[in-house]
Amino acid sequence: MKHSIKVRNILIPVLILVLLLAALLLYRYWNRTIYNDSPVYGNTAGNFYNGGLFCEANGYVYFANPADKNRLYRMLPNGSQVELLCEDSVECINADSHYIYYARANCTTRQEDAFSFLNFNTDSLCRVNLKGKRLEILDPAPTLYATLIENTIYYIHYDTTDASTLYRVGIDKKDKRMVTKEPLLLSPGQQGALCFAGVSSDHNISLWNPATDSSSVIYMGVAYQPIDHGDYVYFLDGENDYHLSRYDKGTGDVTDLTGCRIDCYNMTREYVYYQKNQEGALCRLRLDGSAPEETVMDGNFTDISVTSQYVYFRAFQDTSAYFQTPADGPVAVSGFYPKSNSDN
């Protein structure tokens with residue numbers, strides 16, 4: 001009897017210790033960060049400049065649903081199987097094969113000036129899993145223009161001391177720090193680099209090396225919203241009344257593509273879509289220049305977002321009027337009114 005009591009007195013603490021260790025290991029497992037093992041961009045440059053409201057990854061389109069206060073939803077690329085993921089209103093959506101990243105937009109409506117990028121309407125940089133669960137706050141400060149490359153997010157961080165500055169933080173919340181006091185908008189570039197135009201000392205187009213946090217100039221001029229696209233860089237040309245222009249990396253030539261001022265633009269595999277400033281029309285041109293300009297829809301539009309199957313855009317100053325058209329097929333504009341499966 002005494003022997004069994006002694007055994008029990010030993011086994012009970014050992015069992016408790018084993019259970020505690022198992023619980024600790026399980027907690028660490030469920031709360032571990034899964035890293036990307038190769039360079040991956042969280043969204044496209046064109047979507048990035050249009051608010052990051054749509055992002056295609058993992059066979060889904062993650063988007064800020066205009067029919068439900070811009071809350072985070074997902075759907076198949078053909079627009080079916082619409083599903084609410086979380087209650088946050090979002091923008092600056094990025095995704096990899098493990099997580100969705102976004103800036104909360106629960107404060108105010110977005111400003112309508114395409115060139116005003118310091119419109120503080122977000123209140124934190126967030127990460128959730130692909131089901132919209134297990135929220136992690138990567139930075140509680142107001143956040144703008146977040147872009148993911150591999151395991152680091154670059155973004156505009158705002159505080160009352162330094163105002164708007166370029167920050168970086170790991171997807172595991174580690175190594176959060178200011179990169180430069182210049183609020184650079186870094187967008188996906190080529191071969192693991194990030195592309196940007198200067199915003200204070202100059203407006204040249206440069207490439208940012210995330211490994212060294214250093215940059216190199218590839219075009220000297222007055223440029224805005226550059227998109228590094230293979231042999232060319234597309235940009236709004238500040239020296240030519242913000243016409244959409246294309247810089248040839250090989251020859252150094254600059255080509256005026258639109259012949260008029262534009263407000264915003266985005267690119268698919270075959271077309272560049274853009275909003276004309278004075279004529280009041282959303283138009284598109286083939287990237288190879290093989291066809292004349294097409295009018296997609298008359299009127300003033302913004303937030304041109306691209307997925308593999310559709311281009312989405314909304315009426316200027318009317319967040320409820322959203323439209324879609326096939327990305328690379330014939331123009332066929334229809335309304336975009338996404339409803340979740342539970343609403344059907």
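Me: Is Asp-328 buried or exposed?
Reply: Asp-328 counts as buried, at 16% relative accessibility. Buried means under 20% relative accessible area, exposed over 50% and partly exposed in between, with a 1.4 Å probe and protein chains only. This is a predicted model, where local features need pLDDT of at least 70, side-chain atom pairs count only at pLDDT 80 or more, and totals for chains, interfaces and linings use all residues. Residues are numbered from 1 along each chain as its sequence is written, and side-chain values use heavy atoms, with hydrogens and water left out.

Me: Which residue forms a salt bridge with Asp-328?
Reply: Arg-269 does, with the closest N and O atoms 3.2 Å apart. A salt bridge here is a side-chain nitrogen of Lys or Arg within 4 Å of a carboxyl oxygen of Asp or Glu.

Me: What does Glu-270 pair with?
Reply: Glu-270 forms a salt bridge with Arg-286, and their closest N and O atoms are 3.0 Å apart. Arg-286 lies in strand E21 and Glu-270 in the loop between E19 and E20, so the pair ties together parts that are 16 residues apart in sequence. Both are partly exposed: Arg-286 has a relative accessible area of 27%, and Glu-270 one of 32%.

Me: Which residues do salt bridges with shared partners join into one network?
Reply: Arg-168, Asp-175, Arg-177 and Asp-213. Asp-175 is partly exposed at 46%, and Arg-177 is partly exposed at 32%.

Me: How many salt bridges does the structure hold?
Reply: The structure holds 17.

Me: Switching to strands. What is the order in the open sheet of 4 strands?
Reply: The order is E23-E24-E25-E26, with antiparallel pairing. Two strands pair if DSSP finds at least two bridges between them. E23 (301-306) and E26 (334-335) stand at the edges with a single partner strand each, so one side of each is left without a neighbour in the sheet.

Me: Is E23 largely enclosed or open, then?
Reply: Largely enclosed by the rest of the structure, because 6 of the 6 residues of E23 are buried.

Me: How many bridges between E23 and E24?
Reply: E23 and E24 (residues 310-315) pair over 4 bridges. Thr-302 has Arg-314 in E24 as its bridge partner, and a hairpin of 3 residues joins the two strands.

Me: And between E25 and E26?
Reply: E25 (residues 318-326) pairs with E26 over 2 bridges. The bridge partner of Gln-324 is Ser-334 in E26.

Me: What comes after E26?
Reply: Pro-338 is in the segment after E26, and it counts as buried at 7% relative accessibility.

Me: What does Pro-338 touch?
Reply: Leaving out residues up to four places away in sequence, Pro-338 touches Phe-63, Asn-65, Pro-66, Ala-67 and Val-82. Contact means heavy atoms within 4.5 Å. Pro-338 and Pro-66 are 272 residues apart in sequence, with 7.9 Å from C-alpha to C-alpha.

Me: Which residues have the most contacts inside the largest nonpolar core?
Reply: Leu-186, Tyr-265, Val-272 and Tyr-274, in a core of 28 residues. A nonpolar core is a set of buried Ala, Val, Leu, Ile, Met, Phe, Trp, Tyr and Cys residues joined through side-chain atoms within 4.5 Å. Elements that each supply at least two residues include helix H2 (45-49) and strand E19 (254-267). Another core, of 25 residues, lies apart from it, with Leu-53, Val-82, Cys-86 and Ile-93 among them.

Me: Which residues form the aromatic cluster?
Reply: Phe-54, Phe-63, Tyr-73, Tyr-310, Tyr-312, Tyr-322 and Phe-336. Rings of Phe, Tyr and Trp (its six-membered ring) pair if their centres lie within 6.5 Å; planes under 30 degrees apart count as stacked, over 60 as edge-to-face and the rest as tilted.
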